[in-house]
Amino acid sequence: MSLQTQGNAAWDAQDAQALFALFPAGLKQYAVVFVDTAGCISGWSEGAFALTGFRAQDVLGRSLSMLFTPEDAALDLHLHELNSARLLGSAEDERWHMRKDGSRLWASGMTVPLGTAGEPRGYAKLFRDATHLRLRLDALEQEVRQVRQFRQDQDLVLATIAHELRSPLQPLTTAAELLSQPIEPALRERATRILRRQIHQMERLVEDLIDMTRVGQGSMRIVYETVPLQPLLAEAVESCREAAMRRQLDLVCVLPPVAVQVEVDPGRIVQVVGNLLDNAIKFTPAGGRVALQANVETRHFVVRVQDTGRGIGPELQPRIFEMFTQAEGADTARGKGLGIGLALVKEIVALHGGSVEVKSEGAGKGSEFFVRVPLTRPATYLHGPAP
């Protein structure tokens, strides 16, 4: 291993020979840098050039800080490293160092004093490039964070599912007890409606969970049919009318006066509109209004669901269609629930070749959801396998 030095080096030949004895000649995996007591570079090895790209003429006589990142150099950590070596006999360190091209390498090594203990003539800094280990460690740490986050999300989702499934149990129990006794017809009919409503809610939750699994596996399918649009939208509205009445909301539906034929998956479109209406009803206080309006463009039909509810803050709008957004907690300002309905809306609309977007001026100012779906099956499906 060769070494280039500055004129008045603060180390002697014995220092160099002692260090070089540890390395085979020409070894470039390790850098050896000699530093004087002022913190300036006085010796530079081939390995230092190989690792950093700096040639001896680039560094000799300059401060050791040039090898440190700007943020570390601003804290004088290069001097701290030398001082630690002087006081402790050696200073082991791992940190980012700079290459000549401006990139960074993760340097792992040590600095040792040369000469008399406590009063060194200079220092020798030895290090190797451990960037690959640092990157691997970063990747592992990222995986650990993701696993922890997944477990937290999983626990939160399971707790929310338990809450969602438990909520209908009390009404179901009450209705079942009523029906087990001789009661007048009006009360029996009321109990029956409660049973049907709560069973429907549980069925809807289970279906959403199943669809969520299909989305995760990429197995959700679209079965196209040519059907009139208005009856689909009316069906979705009627499925939500009782919920709107219970919350004392005005549910408005405005459809095109002329029949519109569309080529879609009818059940999925009803699911999309129903989820949008259910979302609007859930987050609109009593006395408010939820409105559905449908229009036809040249190649698409557009469904707009507008409410006078809580609105959506700007920080949540970019993530409102992500799975489990509602399960994140109260900071969403959208209340409790699994939050998978809107995620399913996005997936189903995307499978139809359409798009969905949300607009809201903020908390307390209501929200609008726009769904745009092609009137006919997208060309990518025309020659593909039958769903």
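These legends accompany close-up views of a predicted model.

**View 1. The whole protein, before the close-ups.**
The protein contains 12 helices and 13 strands. It has 387 residues, and 42% of them are buried. Among contacts with a separation of 6 or more, 61% join residues 24 or more positions apart. The accessible surface is about 20,800 Å². Carbon and sulfur atoms hold 53% of that surface.

**View 2. An open sheet of five strands.**
The strands follow the order β8-β10-β11-β13-β12, and their pairing is mixed. Neighbouring strands are turned by 10 degrees against each other on average, with direction ignored.

**View 3. The pairing of β10 with β11.**
Strand β10 covers residues 289–296, and strand β11 covers residues 300–307. They pair in the antiparallel sense, over seven bridges. Look for A294, which stands opposite V303 in β11.

**View 4. Two helices on the sheet.**
Helix α9 (residues 229–246) packs on the sheet, where it touches β8, β10 and β11. The direction of α9 makes about 175 degrees with that of β8. Helix α10 (residues 266–282) packs on the sheet as well. Its contacts are with β8, β10, β11 and β13 (367–374). The direction of α10 makes about 20 degrees with that of β11.

**View 5. Helix α10 against helix α11.**
Two packed helices are described by the angle between their axes and the distance between the axes. Here the axes of α10 and α11 (residues 341–351) come within 9 Å and cross at roughly 150 degrees. The crossing is left-handed. From α10, the contact uses R268, Q271, V272, N275, L276 and N279. From α11, it uses G341, L342, L344, V345, I348 and V349. By class, seven of these residues are nonpolar, four are polar and one is charged.

S355 lies in strand β12, which spans residues 355–359. S355 counts as partly exposed because its relative accessibility is 37%, between the limits of 20% and 50%. Leaving aside neighbours within four places in sequence, S355 is in contact with V349, F370, V371 and R372. Of these, V349 also takes part in the contact of α11 with α10. P374 is 19 residues from S355 in sequence. In space, the two are 9.4 Å apart, C-alpha to C-alpha.

Methods: Residues are numbered from 1 along each chain as its sequence is written. This is a predicted model: local features need pLDDT of at least 70, side-chain atom pairs count only at pLDDT 80 or more; totals for chains, interfaces and linings use all residues. Side-chain values use heavy atoms; hydrogens and water are left out. Helices (H or I, at least four residues) and strands (E, at least two) are DSSP runs, numbered from the N terminus. Buried means under 20% relative accessible area, exposed over 50%, partly exposed in between (1.4 Å probe, protein chains only). Contact means heavy atoms within 4.5 Å. Two strands pair if DSSP finds at least two bridges between them. Axes are lines fitted to C-alpha atoms, for helices over the stretch in contact, and angles run from 0 to 180 degrees between N-to-C directions. A crossing is left-handed if the near helix is turned anticlockwise from the far one by less than a right angle, and right-handed if clockwise. Ala, Val, Leu, Ile, Met, Phe, Trp, Tyr, Cys and Pro count as nonpolar, Asp, Glu, Lys and Arg as charged, and the others, Gly among them, as polar. Accessible areas come from the Shrake-Rupley method with a 1.4 Å probe; for residues, only the protein chains shown count as cover.
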